[in-house]
Amino acid sequence: MIKSAQPESNSIHSKNVVSSKQTSTINSSDSPLCKNDSPVSFQNAPTFGKDLDSLINLTDISQIEEAINWLSIEEAKLDNHLDKILATKKNLDADFLNFLTTLPIIEDTQSNLIAIRKSIDDGYSTVEPLHNNINLLNNNKIKIEEASDLVDKGILFLENISKVENSINSGEIEAGCQILSECIQILDILDSSKSTLPQETKDIIDLILQQISISLNSTSAATTLEKNRNELTRLVALKFDKSSSNNDNKAIIECFKLFPLLNEKGLGLEKYSKLLCQKLSDNYKLLKVQSDKEGAFLLRLVNLFDSVAYLIDSNTSLVEKYYGEGSMTRVIQHLQLELDSRVVLVLESFEDERQISKLKYQIQFSKEQLEADLSNVSIASTVDQSSKTPGNSGKRPNAPKNNLQNSSKSASVLQDSQFETINENVDAIAISKLVPELAMMAAKGESFLEFLSVKGQSGSDFLKSPNFESESILLSDTILLNSQRKSSILSKDIYASDGLAVPKLSVDSNTGLLIGTQLEYLVKWIQSSYLEFEIYSMQRAVLRALQLDDINVLEGWNHPIFGDLGNNQNGNAKSSYFFNLKSKKTQFSSISLTSSITGDIFYVLQTALHRCLNTQNASLFNKLSISACDILKRSYLTYIDHFIQHGWVYPSSAQQQSSLLPDQGAFKSARSSGEYGSRMSRDGANSNMSSSSSNLTGLGALGLSSSDWKQSFKNSITNSSFVSVLGLNNPGDNVVVEQQKRVCVGLNNLDVSINYLEALCDGLSNRFKQVWELDSFDDIPQDDPLYEEIDSIKMSIRLISDVKSSFNGNLIQGLTNLGNQALKLKIRQALKDSYRDIKYVLSNEEEFTDLMNEPLFVSRLFILLDQPLFSMFKNRLTIRNFGELIGNIGLGFLIYDWQRAILQSKFNYLGGLVFERDVKLVLSKFEDLLEPVMANSNMNLDVRSKFSKLIQMASIMASEQNQLDEFSNQSQNPSLDNTASANSFNENSSLYRRTSLKNKLDSTLINSGFGDISLKLDSLSILSQNEIAQLSSNRIQL
């Protein structure tokens, strides 16, 4: 069976010459069919491969049978496909036979096409000459039409010439101008001189013109037309002049429209410009202002500027409508010349009436003396009080930041006739009236020049176009030269002295407007004169403000600060325990904190700088800003420093109590280890506390360094007996009050000046935006010309603002000196007196309870400091100065000495609890005292952070012994973090706070009105290892 099947398989394989693509097509398109044409399907798919070569190696009978069946099916598919191919052969044969039958027809058609092509070629050769003849006829027709049109225009020209003559004779000028305009256009067409015309057209035009000349009695068309044009121009000009004389605006405009029709744009613009100049002059004459009135010349100048601006704006559309774009330039040029002549007259009269030359000479003559007076400003503080009038004194509280004007005197006070003038040779009243007028004139002049610049830029593009007729628009050099000769105001000495040369008139090629006008140079002269008078007026007003400072007559400074409770005349100390956080100290509402100079100085500067900003000139503002900064630094700051540099003094009685007495022996600490078993009575100590003699030689235990003996000697020697005997220094209470007042008021003036300076700069920035009409400085691109002006103004304002750093530096230095002179020794002495019989080594709980019920140390400390010192300074210093003096400087002295004293003191556990209570009370008291300062976000005063070391000392001292030993061991290990140890110790110490003693401590504080006063160590400074070891060694175990 295999042998019989093999040939069949091979035959099938041999027949399989169809490509793989065809095979796939057959397999996919035709499926095996049964006898009933239904598709054949295998029950089981063949297990052999589809490659015919694989069928040769089959050995399994079932697979062979299956392969034979599959091959039979494939053979049937192939036969079916071949049958379809053979079926198409008949159609192809039929189509080929049909094609062969068409070949003779195609050959016949090709022979016919050759004949047709030849016929077409013959026809084209026949038509081509006809086409050329037709084109020639068309060209001749066009020439004939052009010639006919030219002849018609010649005929129309003759008719219009006749009409023009009739219109002239009948007085119909407007109709004659319209017809003449048409004649001008026709004659322009009949111009045979144009090189672009063909010769035949030129010949025709010549014939037409010859015929026109014959019709005009041998007069050429151009001559006749020019004659009529001149006659109409004369009539229109006469009518324009007559209408101008009669002020007939309607007739004026009608005539103005006719000049362009007559090719007389230049004449029309000239006449109309002169008419507008005449209106400008007439309008100026209507202004009746007496020259001696204040601001009279400003009104005259503004009238001229406003009139010119109105004439330009109201006539631009009319002129450019009938004369073309850019024609208004000619009118503006004439208005510039007319304005020059008027401004010259105004300023000549202004200079004569206001005596500018005389005032400038006076200023130059007294300038050196004025600057010398300002440089020696400290002399102004010694002005005789008799020169001051009653009523100038008064309370000068802290003025709001943005209210400079309300805190200052009127400017008229600085010019009061009852005060002796600074320099008899200077007419200060005339200058004071002249400065505002010059400022407004400079502002108006700058604004008007900017207006002209904008108008010129609007037409700059047309000036560069080829259609611009410069001859009929722009003024000639001859006219400019003649106009310049009419006025020589800048040749006068006053202008030459200001560095202004005689200007040279010319036309700006970019805008078409005139440059080098008298107005431009006179505006510069006004600006320079204004700046000179403004600086002098500002300097003189500042000097007068210095001389009129009311520091000598301020209210509320009748009593000095004694710094000692026993000598305090301003109030009685409370005998009982007065320490209450909820109580508020009585304010001395009648005390004037600042003198008049601060408000007056900044009012003068604000007025001058705002006035200069209105001129819209960045250069002027920059120069004035430099002068203002110079005044603030060299004069005002020097004047204030003169008060502060005198230094702080106390009355002689207090000084004698706090002076050094070497025979009293060294100070012996009541907290030393040898005294913990005995203590003086608290009542006795309290009664003798205020009257006991002070001893400063032993302050080393409280932190007095070796270099402090110089300051101690300086403060004590001023009232020593041998100095008083020699008469070198024996100040009375009045002298002390005066010196204390000058120091406090000087510092307050500096503090308020910083606020005023910030308000001044803010006001200048806002005013700058208003004047320049800016919403924001950031909206101006850098390539804009305005950007440089804005940047210059901003730099000037920053220059003024930078003076604040000088004020701040002097203020901090002055407060530091005040703290060293007035607080340092007082605080140390108060700390020493308060600790005189206090110890932190308590032997029993009864003594602990006694101390907890009455905080003796805190009561003593604040009796000695609060009422005699803190309250006194609180009512004599501004909030900022008080916060800096007490919250930073004074509190720094107290904490530094307290820390050093505690590090040298012995203590036990109960004493540590008392010390922790004392720290809490002192901290709470200072927070209450400095509450207004801490409420001010600008101060950044954190009292609690300053107590960080004392808080940690208290936590260590209030711990049990085992906890202290553990913490001490940790502190000696450098691998441990101090912060972690301190916090760990703070948490462990909370165990003992739950004991009865700790509850008693907390309840005592709460009952005293302190509430929850927790001592937090987060983010605070920590003790060093040496300090922790020192505290550990001071611990005594009873």
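## Helix bends, loops and contacts: worked exercises

Helix H29 bends: there is a kink of about 35° centred on Leu891 (the bend at a residue is the angle between axes fitted to the seven residues ending there and the seven starting there). This is a predicted model, where local features need pLDDT of at least 70, side-chain atom pairs count only at pLDDT 80 or more, and totals for chains, interfaces and linings use all residues. Residues are numbered from 1 along each chain as its sequence is written, and side-chain values use heavy atoms, leaving out hydrogens and water.

**Exercise 1.** Work out what span helix H29 should have, and how many of its residues are buried.

*Solution.* Start with the residues: H29 runs over 879-903, which is 25 residues (helices are DSSP runs of H or I, at least four residues, and strands are runs of E, at least two, numbered from the N terminus). Next, take 1.5 Å times one less than the number of residues. Finally, look at cover: 19 of the 25 residues in H29 are buried, leaving the helix mostly covered (buried is under 20% relative accessible area, exposed over 50%, partly exposed in between, with a 1.4 Å probe and protein chains only).

**Exercise 2.** Is Ser948 buried or exposed, and which backbone oxygen lies 3.1 Å from its side chain?

*Solution.* First find Ser948 in helix H33, residues 948-957. Its relative accessibility is 2%, so Ser948 is buried.

**Exercise 3.** Where are Asn247 and Gln355 found, and what is the phi of each?

*Solution.* Take Asn247 to begin with. It sits in the loop between helix H6 (221-245) and helix H7 (249-258). Although Asn247 is not a glycine, its phi is positive, about 60°. With 48% relative accessibility, Asn247 is partly exposed.

Now Gln355, in the loop between helix H10 (328-354) and helix H11 (356-375). Gln355 isn't a glycine either, yet has a positive phi of about 55°. At 40% relative accessibility, Gln355 is partly exposed.

**Exercise 4.** How many residues separate Lys279 and Val308 in sequence, and what is the C-alpha to C-alpha distance?

*Solution.* Find Lys279 in helix H8 (residues 265-286). Lys279 has 30% relative accessibility, so call it partly exposed. Along the sequence, Lys279 and Val308 are 29 residues apart, and their C-alpha atoms are 9.8 Å apart in space.
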